[in-house]
Amino acid sequence: MSLFLDLIVSAILLGCTYTLVAVGFSLFFGVMDVVVFCCGDIAIFGTFVILGTYTIMQGTGMIGSWPLIFIILALLIIGAACCAALGLFAHRVSIKPFEKSSALMPLLSTIALGTVIKEVIGLFFMPVTNGLSGVFAGENAVTVVSGRNPQGFPQLLSINGNTDVRNIIIIAVTVGILLALFIFLNKTKTGLSMQAISQNKELATMTGINVSRSVVSTFVIGGIILAIGGFLLGNYQTVMSFDNGAMFGVKGFSAAVVGGLRNTWGAIIGGMLLAFVETFIAGYISNGAAYASIVAFVVVVGFIIFKPEGVIGEKTVEKV
């Protein structure tokens, strides 16, 4: 029974990280009708921005002198701002130029941008972080290993090493983000405009909705959510690598497909479903960890074949 409960907790925690990336995919696809395949890399970029900022703060002595809550908020604000800016950059260089092209072009372009983001992290994380630490702290600067090596993420949510507290915080933060997103989408003018564009872009334009402004808002909000997802993932996995974004993005996209790519709330179901499949396969089958991702992707393929609209997606019918 203890193993069963432990697996449920692990599945929920893993599902929280998948869900936030899946929500990013759903937001972008709903408004732009484009799969932004670099979502995972944007999230990992946020993880490394937060990690690098923490290293610089530690080298300058700020970590010991500031209250922990202020440190966490400062790291999240910096990470969210950088991911929002990167999201807008992705829209400007990888999506907007291909608005009148085949849907395949922005897909390939965002895949290429994800590769660029990954390589930039691997190449420049160490020199930039160590360079800034050296400027601010001199000989006392904290150094980091090569950006291509696994990096230990600071366990800011594990109070006195208590992982139970960390788990509760990860779940609570995820629920809080989803509730805030629900309120934003349904109670604010910008959120309602985003939903209108998702349902019918042409009609939304005819009614006077500023599509360009809504697109910018979507990428800013999506970038913030991905940054928080990267922060939670770093605290959960404890060790991060510059190339984690590819698999993280594939899992988030798969979760969005399972739940219903146009449905933000379907992303929650899809993320949790994939996480539970992976976790229980790894927990109950001998050497199951080696097969967990395989089984999860088989589930995704099954949904694509038999229920392509997703768990709570709606079938669409086009008249020719």
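Colleague: Leaving aside its neighbours within four places in sequence, which residues is Ser193 in contact with?

Modeller: Ser193 is in contact with Ile209 and Ser214. This is a predicted model. Ser193 is found in helix 7, residues 189–199.

Colleague: Why is Ser193 called buried?

Modeller: Its relative accessible area is 12%. Buried means under 20%. Ser193 is therefore buried.

Colleague: What makes the approach of Ser193 to Lys189 a polar contact?

Modeller: The side chain of Ser193 reaches the backbone oxygen of Lys189 at 2.8 Å. The cut-off is within 3.5 Å, with one atom able to donate a hydrogen and the other to accept it. The distance of 2.8 Å falls within that cut-off.

Colleague: How do you know whether Phe25 is buried or exposed?

Modeller: Phe25 has a relative accessible area of 2%. Under 20% counts as buried, so Phe25 is buried. Its place is in helix 1, residues 2–32.

Colleague: Which residues is Phe25 in contact with, leaving aside its neighbours within four places in sequence?

Modeller: Among them are Val35, Phe37, Gly249 and Phe253. Take Gly249. It lies 224 residues from Phe25 along the chain, yet their C-alpha atoms are separated by 9.0 Å.

Colleague: What makes Phe37 and Phe253 a tilted aromatic pair?

Modeller: A search of the whole structure finds ten aromatic pairs. In the pair of Phe37 and Phe253, the rings are 5.0 Å centre to centre, with 45° between the planes. Pairing needs centres within 6.5 Å. Under 30 degrees is stacked, over 60 is edge-to-face, and the rest is tilted. An angle of 45° is therefore tilted. The pair links distant parts of the chain: Phe37 is in the loop between helix 1 and helix 2, and Phe253 is in helix 10, 216 residues apart.

Colleague: Why is Phe37 called partly exposed?

Modeller: Its relative accessible area is 24%. Buried is under 20%, exposed is over 50%, and partly exposed is in between. So Phe37 is partly exposed.

Colleague: Which residues of helix 12 are buried?

Modeller: They are Ala292, Ala296, Val300 and Phe303.

Colleague: What does the face of helix 12 turned away from its buried side carry?

Modeller: That face carries the exposed residues Ile294, Val298, Ile305 and Phe306.

Terms used:
Residues are numbered from 1 along each chain as its sequence is written. This is a predicted model: local features need pLDDT of at least 70, side-chain atom pairs count only at pLDDT 80 or more; totals for chains, interfaces and linings use all residues. Side-chain values use heavy atoms; hydrogens and water are left out. Helices (H or I, at least four residues) and strands (E, at least two) are DSSP runs, numbered from the N terminus. Buried means under 20% relative accessible area, exposed over 50%, partly exposed in between (1.4 Å probe, protein chains only). Contact means heavy atoms within 4.5 Å. Rings of Phe, Tyr and Trp (its six-membered ring) pair if their centres lie within 6.5 Å; planes under 30 degrees apart count as stacked, over 60 as edge-to-face and the rest as tilted.
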